[in-house]
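Please keep the display in view while reading the numbered points.

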Amino acid sequence: MAHYRASESKREQFRRYLEKSGVLDTITSVLVALYEETEKPNNALDFIKLHLGAAGPEPADAEALRMELADLQQKCNLLMEENKELRNRVRCC
């Protein structure tokens with residue numbers, strides 16, 4: 001009997017923790033949005049992930065972002081070198 005009450009207490013503490021942190025409200029709102037969808041998605045888990053923000057970018061988008069990042073890093077390096085050269089010129093004259 002004591003074991004039952006101890007686990008019940010832990011369960012209640014965990015429920016309060018989820019409630020205080022907003023997890024229950026967020027999950028409830030996502031599930032309500034899924035319920036209210038007139039045309040239910042084929043994959044409910046993908047719907048939930050998307051609405052929780054866990055889906056992440058599509059692979060094609062991620063690759064485009066990687067390429068843009070590499071391009072911008074290269075431009076930044078060139079500008080840093082140019083800045084360094086210009087500072088040296090100013091110091092000399």
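1. Before the residues are discussed, a word on exposure: a residue is called buried when its relative accessible area is under 20%, exposed when that area is over 50%, and partly exposed in between, with a 1.4 Å probe and protein chains only. The model is predicted, so local features need pLDDT of at least 70 and side-chain atom pairs count only at pLDDT 80 or more, while totals for chains, interfaces and linings use all residues. Residues are numbered from 1 along each chain as its sequence is written, and side-chain values use heavy atoms, with hydrogens and water left out.

2. On the overall fold, the protein has 4 helices and 0 strands, and read from the N terminus its elements follow the order α-α-α-α. Helices (H or I, at least four residues) and strands (E, at least two) are DSSP runs, numbered from the N terminus.

3. Of the 93 residues in the protein, 5% are buried. The protein exposes about 8,600 Å², of which carbon and sulfur atoms supply 58%; such areas come from the Shrake-Rupley method with a 1.4 Å probe, and for residues only the protein chains shown count as cover.

4. The structure holds 5 salt bridges, a salt bridge being a side-chain nitrogen of Lys or Arg within 4 Å of a carboxyl oxygen of Asp or Glu. In helix H4 (residues 59–92), Glu63 and Arg66 lie 3 residues apart, about one turn of the helix, and their side chains meet in a salt bridge at 2.9 Å, N to O. Glu63 is partly exposed, because its relative accessible area is 39%, whereas Arg66, with 52%, counts as exposed.

5. Glu12 and Arg15 are both in helix H1 (residues 2–20), 3 residues apart, while Arg16 and Glu12 are 4 residues apart in helix H1, about one helical turn. An α-helix has 3.6 residues a turn, so residues three or four places apart point the same way. Glu12 is partly exposed at 30% relative accessible area, as is Arg15 at 34%, and Arg16 is partly exposed at 38%.

6. Which residues make the nonpolar surface patch of about 220 Å²? The patch is made by Val23, Ile27 and Leu31, where patches consist of residues with over 30% relative accessible area and no salt bridge, like charges being joined within 9 Å and nonpolar side chains (Val, Leu, Ile, Met, Phe, Trp, Tyr) within 5 Å. Leu31 lies in helix H2 (residues 23–36) and counts as partly exposed, because its relative accessibility is 43%.

7. Both ends of helix H3 (residues 44–52) deserve a look. Asn43 caps the N-terminal end, with a side-chain oxygen 3.0 Å from the backbone nitrogen of Leu45, and H3 is followed by Gly53, whose phi is positive, near 85°.

8. Finally, the unreviewed UniProt entry places a "coiled-coil region" at residues 62–89; UniProt positions are given in the numbering used here, feature names are shortened, and annotations may be inferred rather than shown by experiment. In the model, residues 62–89 are 100% helix and 0% strand, and the end C-alpha atoms are 41 Å apart.

Terms used
Polar contact = N/O pair within 3.5 Å; in protein donor to acceptor, adjacent residues only side chain to side chain.
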